[in-house]
Amino acid sequence: MANYIKELTDNLKKDKEMREAWKANIAMAYKDNWAQYAKRKGKTTMNSEDRHIIANNAAEYFLDLLCGELESTEFSEVG
């Protein structure tokens, strides 16, 4: 497992385009989940608890997409 992580991090350090793609995917997971959460909760401003829930949802969503466990139109929901 450590070898896979090392290979990934080495490639992220060397390949600027790959790094930018990963960064964009992580950012969009957060942005998409913020919008989905705001719509579901009917909120326009978020407190720290909301942001924490959104961050956890976004992390789960990113990992689910990475692992091929859901379609990009589905959202993971923690809170």
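Trainee: What makes Tyr 30 partly exposed?

Mentor: This is a predicted model, so the value is computed from predicted coordinates. Tyr 30 has a relative accessible area of 30%. Buried means under 20%, exposed means over 50%, and partly exposed is in between. Therefore Tyr 30 counts as partly exposed.

Trainee: Why does Trp 34 count as partly exposed?

Mentor: Its relative accessibility is 28%. The cut-offs are under 20% for buried and over 50% for exposed. Trp 34 falls in between, so partly exposed is the class.

Trainee: Where do Tyr 30 and Trp 34 lie?

Mentor: Both lie in helix H2, residues 16-41. They are four residues apart, about one turn of the helix.

Trainee: How many aromatic pairs does the structure hold?

Mentor: Two. In one of them, the rings of Tyr 30 and Trp 34 have their centres 6.0 Å apart, with the planes at 50°.

Trainee: Why is the pair of Tyr 30 and Trp 34 called tilted?

Mentor: Start with the centres: 6.0 Å is within the 6.5 Å limit, so the rings pair. Then take the planes. Stacked needs under 30 degrees and edge-to-face over 60.

Trainee: What is the secondary structure of the protein chain?

Mentor: Three helices and zero strands. From the N terminus on, the order is α-α-α.

Trainee: How much of the protein chain counts as buried?

Mentor: Of its 79 residues, 20%. The chain exposes about 6100 Å², and carbon and sulfur atoms supply 54% of that area.

How values were computed: Residues are numbered from 1 along each chain as its sequence is written. This is a predicted model: local features need pLDDT of at least 70, side-chain atom pairs count only at pLDDT 80 or more; totals for chains, interfaces and linings use all residues. Side-chain values use heavy atoms; hydrogens and water are left out. Helices (H or I, at least four residues) and strands (E, at least two) are DSSP runs, numbered from the N terminus. Buried means under 20% relative accessible area, exposed over 50%, partly exposed in between (1.4 Å probe, protein chains only). Accessible areas come from the Shrake-Rupley method with a 1.4 Å probe; for residues, only the protein chains shown count as cover.
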